[in-house]
Amino acid sequence: MDRNIVISEMCGQFIEELPVEIVERKGIGHPDSLCDGIAERISVEYTRWCQENLGTVLHHNFDKVQLVAGEVAVGFGKGDLLRPIHIQIAGRGTSEYKGRMIPMDVIAIHAAKQHVRDTMKNLDPDKHMVVDCFAGAGAVELAHTVDHIRANDTSFGCAHWPRSQVETAVFESAQYLNYELIKKFPVGEDIKVMGMRKGDQIILTCAVPFISTELHDLGEYLEARKAVKNSVQAFAEKLVPGRKLTVDVNTADDDASGEVYLTMTGTSAECGDDGSVGRGNRVTGLITPFRTASLEAAAGKNPISHVGKIYNVLSFLAAQEIVREVPEIHEASVYILSQIGHPLDQPLIATATIKPTKGPLTKELEEKVRKVLDRRLEKVHEVRILMAQQKVNLY
């Protein structure tokens, strides 16, 4: 099959050669990340229910989840819920199929609560949250695009690989906080890491919520904050050889007055910070203003025909495979554009801009990259399976 694939050489400076770089990652407990996770979990559970009970996958997009912050009163050794967090699930799905009703609201609310249980150690969806579902019926004219595995929209996806040093430091430090340091210190999941590189100087500014009920006074807090800072510093500086890295934690704290970053549940969603799907990390796991990126909210969209989801993931996987399988390539950015109603493996255009490790782009090198991208498009169904099985991280 002759796909419309174009390979070209990157223009401009390599990302590591730029004088300044800014990178961000929101942790799994950030209100925006919670919305992304809830939306995607609903899509996964709705898909699973349809496959198990109906033998097919039905049209849906549960990518409109809104978190309305609650209100708490916290202090050292205590925390009281004054108003719960509200989760409002919107989007579209199929509520009836061949005369059988689908319990869409039940599936959605259960999935939302289960995601919170699986993600947050101090946030109880039954005690601290109110979850409502307002999802309605999807457009009839788009339902057939799921049946025939064709693009349900004219949209594009894009991604790059590999990560720069500061991108790696930000991503891995956030993961380290979320999955390792949370086991050792009284911290929550709503962390954020903002990385700034100026020349060879890197600063990681980390927002880390501490659990109020596990700290008895300011002295304990300051000791824990220092230990977290030192742990992230020791971890992250190994990721940026040849550069100087500094870690700052909770720079808004006023130690003198005791106004510091305490939460009862481990997320700022408990008091004052709302959230929405698509406002956080891209499919690459980061927010990278100096890089190629799509503004598409991937989480919650159906994994069968929604190109805003599929093509972003496919671009990310393709960029990784190009760099991994073609050693002469130093960096790759992939862009894929669909045309509504057309087969997913036949995009309107698929293009990769690449930076060779040395020398200009040759015809031989161009053909190697083309084959990798062509193969990934041919196996687009594998991407749908990976997403349905939650084996791809979308945020």
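How much space lies in the largest pocket? About 310 Å³. The points below start there.

1. **Basis.** This is a predicted model: local features need pLDDT of at least 70, side-chain atom pairs count only at pLDDT 80 or more, and totals for chains, interfaces and linings use all residues. Residues are numbered from 1 along each chain as its sequence is written, and side-chain values use heavy atoms, with hydrogens and water left out.

2. Rolling a probe the size of a water molecule over the atoms shows where empty space is left. The search runs on a 1 Å grid over the protein atoms alone; a pocket is an open set of points with protein on both sides within 12 Å along at least five of seven lines, whereas a cavity is a set where a 1.4 Å probe fits but cannot get out. Lining residues have an atom within 4 Å of a point. Points are joined across faces, edges and corners, and a volume is the space filled by probe spheres set on them. The pocket has 15 lining residues, and H115, Q390, V392, N393 and Y395 lie nearest its centre. Two or more lining residues come from each of α1 (31-54), α2 (104-119) and α4 (165-179). The largest share is that of α1, with three residues. Helices (H or I, at least four residues) and strands (E, at least two) are DSSP runs, numbered from the N terminus.

3. The lining holds six nonpolar, six polar and three charged residues. Here Ala, Val, Leu, Ile, Met, Phe, Trp, Tyr, Cys and Pro count as nonpolar, Asp, Glu, Lys and Arg as charged, and the others, Gly among them, as polar.

4. **The cavity.** The structure holds one cavity of 30 Å³ or more. About 140 Å³ of space lies in the largest cavity. Its lining numbers 20 residues, with N281, R282, V283, S294 and E296 closest to the centre. β11 gives the most to this lining, three residues. By class, the cavity lining has nine nonpolar, eight polar and three charged residues.

5. **Backbone points to check.** Most residues other than glycine have a negative phi, and most peptide bonds are trans. W161 and P162 are joined by a cis peptide bond, with omega about 5°. P162 sits in the loop between β11 (156-161) and α4. K98 is not a glycine, yet its phi is positive, about 50°. K98 belongs to the loop between β7 (96-97) and β8 (100-101). It counts as exposed because its relative accessibility is 73%; the cut-offs are under 20% relative accessible area for buried, over 50% for exposed, and partly exposed in between (1.4 Å probe, protein chains only). Q390 also has a positive phi, near 60°. Q390 lies in the segment after α8 (380-388) and, at 42% relative accessibility, is partly exposed. Q390 is also among the residues nearest the centre of the largest pocket.

6. **T292.** This residue is in the loop between β17 (275-276) and α6 (307-325). At 21% relative accessibility, T292 is partly exposed. Beyond its neighbours within four places in sequence, T292 is in contact (heavy atoms within 4.5 Å) with C158, H160, S333 and Y335. The side chains of T292 and Y335 make a polar contact of 2.8 Å. A polar contact is a pair of N or O atoms within 3.5 Å; within protein, one must be able to donate a hydrogen and the other to accept it, and residues adjacent in sequence count only if both atoms are side-chain atoms. T292 and R282 are 10 residues apart in sequence and 11 Å apart in space, C-alpha to C-alpha.

7. **Two serines.** Is S276 buried or exposed? It is buried, at 15% relative accessibility. S276 is in strand β17. A polar contact of 2.8 Å links the side chains of S276 and Q66. Leaving aside neighbours within four places in sequence, S276 also contacts D32, C35 and V65. S164, in the loop between β11 and α4, is buried at 2% relative accessibility. Not counting residues up to four places away in sequence, S164 touches I15, E16, E21 and R291.

8. **Helix α6.** α6 is mostly covered, with 17 of its 19 residues buried.
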